[in-house]
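These are my notebook entries on one protein model. I set down what I looked up, entry by entry.

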Amino acid sequence: MSEANQSKFASSISRFGEATKRKLANPAATGEPEDQLRGPLENLFGELAELAGIPPKGLGLVGESSISDLKTRPDYAVTVRGALCGFIEVKAPGKGADPRRFRDRHDKEQWNKLKAIPNLLYTDGNEFALWRDGQLSSGVVRCEGDVVSSGSDLSMPATLLALVEDFLRWQPVPPRTAKERAVISARLCRLLRDEVAEQLALGTPGLTDLAEDWRRLLFPEATDAVFADGYAQAVTFGLLMARAREIELSPGLVGVARELSQTDSLIGTALRLLTDSEENQSVLQTSLGTLSRVLNVVSWDTLSKGDSDAWLYFYEDFLDVYDRKLRKQTGSYYTPPEVVEGMIGLVDECLRTRFDRARGLAAHDVTIADPAVGTGTFLLGLLRKISKTVSDMEGPGAIPAALGESVRRLIAFELQLGPFRNLSTIVRHG
């Protein structure tokens, strides 16, 4: 740091200390102690951002909520040049910035939800810590003095500026493997589910009305928890489907749903119905904003490297992180392709030798039903077997017509929304 910037940095910390002491000592102040830190912290971050090379108009700190009971909503959403960069959670002076050490039940439950966020800064005014996906990114930065009493004598090590700059310059990291993509998606989907459930408990009108429509039109006996799960998975997999279609998520969810509808009317319409309310997007901005920002860097082709089978086990990996209990309840354990191939081969041979069907599974009067289709491992295996049979008997040119005909003979059922959307993606890439 240059000498000039060192001087500016020291002055910023001094002003912050003076402002926090004045606010916290004011007998007329109302609200919790952390509420008194908001104004001084906003000014401090604005000044530190300038020192980091970000102009005042390029930084946005949006206060998330004054409702202290919310566990899935940090105090600030932070944007840099209009793009969501991360979140700031403010605690009362003396609590520290390491949520692993919190003893208060609310704080512990909140951390258990917020640790899914990939760029989160905790501070109590005296300490600052940067957390990424639940892991401490660097050491906790502690002030010299105390924001309650030091006033203008408060000082901070220069590492605070480096920490803030690191926070503000965050960019989502593309997943390197299909499994890593499943883990990232699952953690953020769980955050969305929890935020939906929390808003339903508060009686948020838009989501409450949407849940009632869900029950009236689709699942009459669905509880709020079931709706929150269905909403979160539908939106998450809708966004993943959009990325599979190489649709950019940054323009906004309404535009994404409209563009997705051009290639997949069912999923596009579902995404639009679930996200077109500005009120709902506002109350779910922590999870929806983070989902859009993180999933926008997902490249299906890069991850699969041309291998469509790379996606067959995505939902199993996803559910293992998202909700292991739900995975067990729904029997979401998928059969290895080698076993599928063997089972399909036996059925095909049985049709040929015992039921006088020379074309096996490709015979026009053979109907196939899969009562638990999952991500379509068996259906894809069947289509591949039919393709090979037709190619061997009639030549490759007959495959498209044969597959079109065979689809009308396939019956599939699936209760989970995630596998259905994942199946659509596999079909496109397979």
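The entries below go from the whole chain to single contacts.

**Entry 1: the model.** I note that this is a predicted model, in which local features need pLDDT of at least 70 and side-chain atom pairs count only at pLDDT 80 or more, while totals for chains, interfaces and linings use all residues. Residues are numbered from 1 along each chain as its sequence is written, and side-chain values use heavy atoms, with hydrogens and water left out.

**Entry 2: the whole protein.** I counted 18 helices and nine strands; helices (H or I, at least four residues) and strands (E, at least two) are DSSP runs numbered from the N terminus. Of the 430 residues, 50% are buried, where buried means under 20% relative accessible area, exposed over 50%, and partly exposed in between (1.4 Å probe, protein chains only). The protein exposes about 20400 Å², and carbon and sulfur atoms supply 52% of this area; the areas come from the Shrake-Rupley method with a 1.4 Å probe, and for residues only the protein chains shown count as cover. I also looked up contacts (heavy atoms within 4.5 Å). Among those between residues at least 6 apart in sequence, 65% join residues at least 24 apart.

**Entry 3: helix 1.** Helix 1 (residues 3-25) has 23 residues and reaches 33 Å from its first C-alpha to its last, close to the 33 Å expected at 1.5 Å a residue; the expected span is 1.5 Å times one less than the number of residues. Its buried residues are F9, S12, I13, S14, F16, G17, A19 and T20. Helix 2 (33-51) and helix 4 (159-168) are among the elements that cover them.

**Entry 4: the nonpolar cores.** I took a nonpolar core to be a set of buried Ala, Val, Leu, Ile, Met, Phe, Trp, Tyr and Cys residues joined through side-chain atoms within 4.5 Å. The largest has 47 residues, and L192, Y231, L239 and F318 have the most contacts inside it. Elements giving two or more residues to this core include helix 5, helix 6 and helix 13 (314-322). Helix 7 gives the most, with 12 residues. Apart from this core lies another, of 32 residues, among them F9, L41, L48 and L59. Returning to L192, I found that this residue touches Y231, A232, V235 and L291, among others, not counting residues up to four places away in sequence.

**Entry 5: salt bridges.** How many salt bridges does the structure hold? I found 26, each a side-chain nitrogen of Lys or Arg within 4 Å of a carboxyl oxygen of Asp or Glu. D194 pairs with K113, the closest N and O atoms being 3.4 Å apart. D194 lies in helix 5 (residues 178-201) and K113 in helix 3 (residues 105-114), so the pair ties together parts that are 81 residues apart in sequence. D194 is buried at 15% relative accessible area, whereas K113 is partly exposed at 24%.

D166 and R132 also meet in a salt bridge (3.4 Å, N to O). This pair links helix 4 with strand 5 (residues 127-132), 34 residues apart.

E394 and R359 form another (2.5 Å, N to O). E394 is in helix 16 (residues 377-394), and R359 is in the loop between helix 15 (337-354) and strand 8 (368-370). E394 is partly exposed at 48%, and R359 is buried at 18%. Elsewhere, salt bridges that share partners join E89, K91, K95 and D107 into one network.
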